[in-house]
Structures are given as C-alpha cells and as structure tokens.
Amino acid sequence: MPRDGEALYVARFLSEDESRAAFAELRASLAWEQPRLVLFGRPVDAPRLEAWYGDAGAGYRYSGLAHDPLPWTPLLAALRDRVAAVAGCTFNSVLANLYRDGRDSNGWHADDERELGREPTIASLSLGAPRRFRFRRKDDRRETVDALLLDGSLVLMRGRSQECWQHTVPKERDVHAPRINLTFRTVAARKI
Ligand SMILES: O=C(O)CCC(=O)C(=O)O
C-alpha cells in the first residue's frame, strides 16, 4: 500500500496440501450462517456465509449485528497461532467468510469498528479460489490498489490501513469455485 497504512502480502503462507486440507475441514465443520443485512430499511441476505469464532467475551458488532463467537476449533486455533507468529501480535477472534462462487462478494468497508481499537492489525488468510481484493482511499476514492489473493496466501493490514482505506472482494462472473477467508482480529472485551 503506497501510504497511510500497510498491507503485507505473503503469497504461499500455507503449502498447497495444508491449504487443501484446511479448506475441506473448515467448509465441512464450521457453523456457517447466512448473515442478514438491512439495506434501505429492508432485510437482505449478505452475499456470502459467515462464522465467528474466538475467546469468550470477544464478541462485537459488525454490519449492525451482534456477533458472539463460538469457541476455537483445534484447526482454527492452530492457524491463529501460526498467523500470530508472523504478525507479531495475538488475536482473540476470527471471522470466517465462505464465498460459494464469484457471485458472492464483500462490499466496500473498513474494519474500523471501535472494538478493534486504534491501528488494528488484521490478518487475512485465503483458501481456495483466487479472488480479487481492492483497496481505495477513504479521502479520494479514485486512488485504488488491486491485489489477487491466491490460495494459501496471507495479507497483514496494519498501521492506519483501516483508518485511511476501505477494501472489497468484488463479484467475479468467471469464478465458479468456492473460497474461504479467515480474518483474525483482536476485539476489546465488551463492556456490560
Ligand atoms: O474475504 C476477504 O478477503 C476479506 C474479508 C473482509 O474484508 C472482512 O471479513 O472484513
């Protein structure tokens, strides 16, 4: 990323065998849910499935919905620890996204909720079909940066990247295979 924040890309974070095995296990075993969004006052299905895992108390609000995490599975905990070793920080939760094919997507947003704190490090692990990932500056949407997130790759977003940039996974008509993305985060404990 050119300025105001950093995005580091590790193309082969997991080997092909590791990522194939992780994809199969996560797809079969995570508690995938159909998130609902409210757009212009109407409930609509989000164009992807999601599952939220983490430490007890690491729930937070996302897209207007409260998420309470399920307990870490052994595989998610093992991936979290490997990602944390590279990122140089710890993570207490992970949002898993399942894009069934190129019709699924994730709209422009920044992971800038208050519970994520200032200058959060977000670690994003991709498994399965390669998908485009785009950034645009919040203060000048014409300035964009494009990346291709390959199977087994890791992106680390840190510094002011969530404050200054938005990101999206656009729809892609030619993608017919599924992709799983894990975004590891640290969420501040919710005040009751
Ligand atoms: O699927 C991706 O690579 C990005 C996911 C994402 O932006 C998010 O979960 O906030």
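Helices (H or I, at least four residues) and strands (E, at least two) are DSSP runs, numbered from the N terminus.

## The model and its overall form

This is a predicted model, in which local features need pLDDT of at least 70 and side-chain atom pairs count only at pLDDT 80 or more, while totals for chains, interfaces and linings use all residues. Residues are numbered from 1 along each chain as its sequence is written.

The protein chain has 14 strands and 3 helices. Its C-alpha trace spans about 45 × 40 × 40 Å along the principal axes. The radius of gyration, taken over C-alpha atoms, is compared with a globule rule of 2.2 Å times the number of residues to the power 0.38. For 192 residues a compact globule would come out near 16 Å, and the protein chain, at 16 Å, agrees with this.

A residue is buried if 20 or more other C-beta atoms lie within 10 Å of its own, exposed if 12 or fewer, and partly exposed in between, with C-beta atoms placed from the backbone. By that count, 35% of the 192 residues of the protein chain are buried. Two residues are in contact if their C-beta atoms, placed from the backbone, lie within 7 Å. Among contacts between residues at least 6 apart in sequence, 78% join residues at least 24 apart.

Two strands pair if DSSP finds at least two bridges between them.

Alanine 96 belongs to strand S7. This residue is buried because 21 C-beta neighbours lie inside 10 Å. Leaving aside residues up to four places away in sequence, alanine 96 touches Leu26, Leu30, Glu50, Ala51, Ile180 and Leu182.

## The sheet of four strands

Another open sheet has 4 strands in the order S8-S13-S10-S11, again with antiparallel pairing. Its edge strands, each pairing on one side only, are S8 and strand S11 (144–149). Strand S10 (residues 131–137) pairs with S11 in the antiparallel sense over 6 bridges. Arginine 131 stands opposite leucine 149 in S11.

## Around the ligand

A residue is near a molecule or strand if its C-beta atom, placed from the backbone, lies within 6 Å of it. The residues around the ligand are Leu95, Asn97, Asn106, Asp111, Ser124, Phe133, Leu149, His167, Val169, Asn181 and Thr183. At least two residues of this shell come from each of strand S7 (93–99), strand S13 (165–169) and strand S14 (179–185).

The shell divides into 4 nonpolar, 6 polar and 1 charged. Here Ala, Val, Leu, Ile, Met, Phe, Trp, Tyr, Cys and Pro count as nonpolar, Asp, Glu, Lys and Arg as charged, and the others, Gly among them, as polar.

## Two loop residues

Phenylalanine 40 is not a glycine, yet has a positive phi of about 50°. This residue is in the loop between strand S2 (36–39) and strand S3 (42–45), and is exposed, with 5 other C-beta atoms within 10 Å.

Glutamate 119, also not a glycine, has a positive phi of about 50°. Its loop runs between strand S8 (106–109) and strand S9 (122–128).
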